[in-house]
Amino acid sequence: MAGRREDESGAATPAAARPDGRGLRVAVAVSRFNERITRRLLQGARDGLARCGVSEEQVDVEWTPGAWELPILAQSLARTGRYDAIVCLGCVIRGETTHDRIIGLGAMTGLARVALDERVPVTLGVLTVHTLAQAEERSGGAHGNKGEDAALAAVEMAALLRRVRGGTA
């Protein structure tokens, strides 16, 4: 079951609400396009990583021009072998054409491919919204901060994969 594991008795237990990120090294890839929103997502990611015990010194932030470029940066970061997880942040707001769908889908499928090909957790904190107001709601507003959510997922997946692969978590 996703998000659950068995304890010593075999009973299913929910995953930790705040995973332990001590000792993890995390890269954060951020899109500059819609920077007003992506800076808020980045702050949420930094806050989430800190709450999980990932020290500021263990977090590297790199910027791309837009969401389309996130997969190549994520792949390059993964291939350094320095990171336990990569958090990707961006914001694609619908316009008058279908360009937003092409960018959003390309970024998302590219990031999924990087995670599978490189065997490193790559989490998706890329907003795909209809309006600026929706982006604001999801970057620290009424709907929380999806940057923080992506950071928490990155830490949880890094710890889970470490455990599954035979290391300690």
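This is a predicted model: local features need pLDDT of at least 70, side-chain atom pairs count only at pLDDT 80 or more; totals for chains, interfaces and linings use all residues.
1. Ser31 belongs to strand E3, which covers residues 26-31. The residue is buried, because its relative accessible area is 0%. Leaving aside residues up to four places away in sequence, Ser31 touches Thr38, Trp63, Thr64, Pro65, Gly66, Ala67, Leu70, Leu89 and Gly90.

2. The side chain of Ser31 also takes part in polar contacts with backbone nitrogens: a polar atom of this side chain lies 3.3 Å from the backbone nitrogen of Phe33, and the side chain reaches the backbone nitrogen of Ala67 at 3.3 Å.

3. Helix H1 (residues 35-51) and helix H5 (residues 146-164) have axes that come within 6 Å and cross at roughly 40°, and the crossing of H1 and H5 is right-handed. On the H1 side the contact involves Leu41, Gly44, Ala45, Gly48, Leu49 and Arg51, which meet Lys146, Gly147, Glu148, Ala151, Leu152 and Val155 of H5. The residues of this contact of H1 with H5 comprise 6 nonpolar, 3 polar and 3 charged.

4. For helix H2 (residues 70-79) and helix H3 (residues 99-118), the axes come within 8 Å and cross at roughly 15°, so H2 is roughly parallel to H3. The crossing of H2 and H3 is right-handed. Leu70, Pro71, Ala74, Gln75, Ala78 and Arg79 of H2 make the contact with Gly106, Ala107, Gly110, Leu111, Val114 and Glu118 of H3, and the residues of this contact divide into 7 nonpolar, 3 polar and 2 charged.

Key
Residues are numbered from 1 along each chain as its sequence is written. Side-chain values use heavy atoms; hydrogens and water are left out. Helices (H or I, at least four residues) and strands (E, at least two) are DSSP runs, numbered from the N terminus. Buried means under 20% relative accessible area, exposed over 50%, partly exposed in between (1.4 Å probe, protein chains only). A polar contact is a pair of N or O atoms within 3.5 Å; within protein, one must be able to donate a hydrogen and the other to accept it, and residues adjacent in sequence count only if both atoms are side-chain atoms. Contact means heavy atoms within 4.5 Å. Axes are lines fitted to C-alpha atoms, for helices over the stretch in contact, and angles run from 0 to 180 degrees between N-to-C directions. A crossing is left-handed if the near helix is turned anticlockwise from the far one by less than a right angle, and right-handed if clockwise. Ala, Val, Leu, Ile, Met, Phe, Trp, Tyr, Cys and Pro count as nonpolar, Asp, Glu, Lys and Arg as charged, and the others, Gly among them, as polar. Angles under 35 degrees count as roughly parallel, over 145 as roughly antiparallel, 65 to 115 as roughly perpendicular and the rest as oblique.
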